[in-house]
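Please consult the sequence and the model alongside it.

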Amino acid sequence: DSNILHVGDRVVVPFILSCGQCHYCSANVQRPTVCQRQQQPGFTYWGSFAEYVAVPWASRNVCPLPNKVTFIQAAALGCRFTTAYRAIVQQGKLGELLIAATRTTTTT
């Protein structure tokens, strides 16, 4: 199974750990960033600077880190990327504004 991780594998964990079972994590809603049972390493439990840490719902939240991505690059993907992604893709309001602005500037 290619989804199995091994000791020593390079991995990344999102800033917000989702349960995969609540209303917001369900297939119909797919909004894990607002999970009703979310956990946040360093906020809701110890571990954001630990060498080893237990990750709740690991099969859902631990992702392999490709060798091409450095740990510094991976660190930048945390809440900064999630916040921008959610604003543009999930909420769409900023994305719609940018599309409208682009159309206005390209048509004049």
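This is a predicted model: local features need pLDDT of at least 70, side-chain atom pairs count only at pLDDT 80 or more; totals for chains, interfaces and linings use all residues.

Residues are numbered from 1 along each chain as its sequence is written, and side-chain values use heavy atoms, with hydrogens and water left out.

Q: What makes Cys22 buried or exposed?
A: A residue is buried under 20% relative accessible area, exposed over 50%, and partly exposed in between (1.4 Å probe, protein chains only). Cys22 has a relative accessible area of 10%, and is therefore buried. Of the 108 residues in the protein, 19% are buried.

Q: How are Cys63 and Arg80 classed by accessibility?
A: Cys63 has 34% relative accessibility, so it counts as partly exposed. Arg80, at 58%, therefore counts as exposed.

Q: Where is Arg80 placed, and how many residues separate it from Phe15 in sequence?
A: Arg80 lies in helix H3; helices (H or I, at least four residues) and strands (E, at least two) are DSSP runs, numbered from the N terminus. Arg80 and Phe15 are 65 residues apart in sequence, with a C-alpha to C-alpha distance of 9.4 Å.

Q: What is the order of the elements from the N terminus?
A: The order is β-α-β-α-α-α, from four helices and two strands.

Q: Which elements supply at least two residues each to the lining of the largest pocket?
A: A pocket is an open set of points on a 1 Å grid over the protein atoms alone, where a 1.4 Å probe fits, with protein on both sides within 12 Å along at least five of seven lines; lining residues have an atom within 4 Å of a point. Strand E1 (11-12), helix H2 (71-76) and helix H3 (79-90) each meet that count, and H2 gives the most, with three residues. The lining has 26 residues, with Val11, Val12, Val13, Gly47 and Ser48 nearest the centre of the pocket.
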